[in-house]
Amino acid sequence: MIKNLLRVIAGLAVVGAICFYIFSFQVQEGRMAVVTRFGKPVKVVTNAGLYSKLPWPFEKANIIDARSRVFNTRQTEMLTRDKRNTILLSYIVWSVKDPLRFFQSIGTTIAADSKLDGIITNAKINALGKHDLSALVSTNPEDLKVEEIEKDILDNVQQEVSDKYGILVEQVGFKRLSLPEENVKYVFAQMRAERAQYAARYRAEGEREASKIRSETDLKTARIRAEAREKAATIKGEAEAEAARIYAEAHSVDPEFYEFTRSLESLNKLIGNQTTIVLRTDSAPFNYLKSKEPNKNK
Amino acid sequence: MIEEKQNKAEASFSRPLLESLDTGFKFLRWIVLVLVAVYCFSNTTVIKSDEVAIVLRFGKPAGASPAEHIKQPGLLFAFPRPIDNIIRVKIKRIYEMEIQDLRYNAQQLEGEARSLAELDYNTGSIDPEREGYCLTGDSNVVQPFITIKYQITDPVAYSFRQQEPENLLRDVIMASMVRTVGEMSVDDVLTEGKKQLTTAVLTRAQARLDQVNSGIVIQAVELNEIVPPRHVMQDFKNVQNAFIDRETKIKESNSYMEEEIPRAEAEREAMLREADAYAADLLATARGEAGAFREIVTEYKDSPRVVRERLYREAIEGSIGWSGRAAIIPVPAGGKYSDRYDQLRIAIPGE
């Protein structure tokens, strides 16, 4: 009995599993579904979970990936307001907002990408035509209008796709901004000229700075030396004046005697080793040697 | 259903065959039981320490609140497959992404593409279809090579809000790079502005990621390289050399200054010392001589004649001593010199 009961249960489980598989479908988080009966939509599922449907071929659950998708447009050449050719490669983040409309109008995300490409390119050409190139690249922050242009494109695209395809455009960005090959040549030429100018300026600055420092140095050292000479001369002069004062003070005690000693000194200085001295013997010192009475005169 | 079939079969088959079939079925029953058990626990798993998991029950994250959707590391019990589906997200891991799309990458260009790249080197331009770059605010071309470090911070958003989160990340980084370089000058971008550049790129890219709820947080934007295109590289190097030249020249003249000024100062010191020494010497001599003179004057006042004569004789002796020649003319026979010798007579002063 029990054995049979177990068999029944096992049998029911298998049958249940098969029915479950045939009569239900799962919608994962981030996905949506449109249930079609003989190709005609009958139910739209926007929340994740387990849902029932009639088995194929009566009903079919068409799962739509509602997560955001990143799509890159083709590189398209376009003109700015100031007639400059630019090539913008942009990305767009979009997701399915209205699964039924999306399912009926496009069906698959890949088909949607190619639809979007044309729409974005048009919006891009329109938006860029309203601005100069300086709205995209400029060192002046007031000129830059990248965010506005992106918003402009997003709004345009959104307007076009939201009602028609049930798509929500979440973000637009320029991931590459290039110039046509022909124009890049001129950019390079300009870059070269600018660099040459810089190099020349640095070289000239180097010369100028160096010679400035050198001449300043020379001036400074000359000044130091002149000052030193002047100071030394002052010191020497003052010392000489002081010495003269000292001498004068001493000599003023007996000026006559000073003259005498001074003449003796001069005598010493005048007579060198080339001088011939001629002396009379009756003159000093010989007169004393000759006289019988020394110091007779005294 | 199976029961009925078996009964029908029993009636038409011979007994030994039925017996062996019966044992076979018994054996099969055990296998089925084991298989069922294995199936029941097939989704029970261990969540590793660097990851978390989300259990999708019939496609919906299991758990009452968003916080409960995330299953922390440890043993995880989940129903087998069509019921539960486990998604693992490594939230602790720092992922890295290199962005080569805005640079010239010779390794990536193979065969024909490489020769084409050489060709456009010769034509002196860049075909935007083949090679990316950024335009600076002052219309120069630069080519950055970036590495991004990022982390998944919101596993639910990361798994269920984006189809291709990595492509999104790449694109927002490139857009932020193009945008930020476009507002800077080439000199800033290539030199002092690099830090400012990466910071701005990170801020802008993160804002874009957050706007679409990506669940990704950028940890770092690293600028591996940012260079002018190969066509004009030499010109940039020349500027660098000129800059170095300038620095060298200035350094040289600075060291000239640092040598010359101390030298002049040393000379000044020497000159002043020499002057001081001269002055000191002069004054010492003066004081000495003045002192000596005073002494001799005192002596002279006591006995003028003796001192006078002594001094005079000393002077004469000294003079004769170092003179070249001394001629001594004796007194002629008459005891009187002729007049022409009068001038030779040295009078003793005071005599």
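**Strand pairing and the interface of chains A and B**

In chain A, strand S2 (residues 31–37) is joined by five bridges to strand S3 (residues 40–45) of chain A, and the two strands run antiparallel. The model described here is a predicted one. Within this pairing, A:Val35 stands opposite A:Lys43 in S3(A). S2(A) and S3(A) together form a hairpin with two residues between them, and A:Phe38, which lies in the turn, has a positive phi of about 50 degrees.

Strand pairing is also found between the chains, where strand S10 (residues 276–280) of chain A and strand S11 (residues 325–329) of chain B run parallel and are joined by five bridges. In this pairing, A:Thr276 stands opposite B:Arg325 in S11(B).

The contact between the two chains involves 116 residues of chain A and 133 residues of chain B. The area buried between chain A and chain B is about 11,300 Å², and carbon and sulfur atoms give 60% of that area. On the side of chain A, the residues that lose the most area to chain B are A:Arg195, A:Phe257 and A:Arg280, which together account for 7% of what that side buries.

Polar and charged interactions across the interface were then examined. Between chain A and chain B, 36 residue pairs are in polar contact, counting pairs in which both residues are at pLDDT 80 or more. Helix H5 (residues 181–251) of chain A contributes the largest share of the side of chain A that touches chain B, namely 44 residues. When the residues on this side of chain A are sorted by class, 48 are nonpolar, 30 are polar and 38 are charged.

Over all chains the structure holds 41 salt bridges, while the interface of chain A and chain B has 13 salt bridges. A:Glu147 forms a salt bridge with B:Arg179, in which the closest N and O atoms are 2.8 Å apart. A salt bridge also links A:Lys175 with B:Asp171, and here the closest N and O atoms are 2.8 Å apart. This pair crosses between chains, from A:Lys175 in strand S9 (residues 167–178) of chain A to B:Asp171 in helix H5 (residues 165–181) of chain B.

Aromatic residues were considered as well, and a search of the whole structure finds 11 aromatic pairs over all chains. In the pair of A:Tyr202 and B:Phe243, the ring centres are 5.0 Å apart and the planes stand at 75 degrees, so the pair is edge-to-face, planes over 60 degrees apart being counted in that way. Because A:Tyr202 lies in helix H5 of chain A and B:Phe243 lies in helix H8 (residues 233–302) of chain B, the pair joins two chains.

How values were computed: Residues are numbered from 1 along each chain as its sequence is written. Chains are lettered from A and ligands numbered from 1 in the order in which they are written. This is a predicted model: local features need pLDDT of at least 70, side-chain atom pairs count only at pLDDT 80 or more; totals for chains, interfaces and linings use all residues. Side-chain values use heavy atoms; hydrogens and water are left out. Contact means heavy atoms within 4.5 Å. Buried area is the accessible area (1.4 Å probe) that two parts lose on being put together, summed over both. A salt bridge is a side-chain nitrogen of Lys or Arg within 4 Å of a carboxyl oxygen of Asp or Glu. A polar contact is a pair of N or O atoms within 3.5 Å; within protein, one must be able to donate a hydrogen and the other to accept it, and residues adjacent in sequence count only if both atoms are side-chain atoms. Helices (H or I, at least four residues) and strands (E, at least two) are DSSP runs, numbered from the N terminus. Ala, Val, Leu, Ile, Met, Phe, Trp, Tyr, Cys and Pro count as nonpolar, Asp, Glu, Lys and Arg as charged, and the others, Gly among them, as polar. Two strands pair if DSSP finds at least two bridges between them. Rings of Phe, Tyr and Trp (its six-membered ring) pair if their centres lie within 6.5 Å; planes under 30 degrees apart count as stacked, over 60 as edge-to-face and the rest as tilted.
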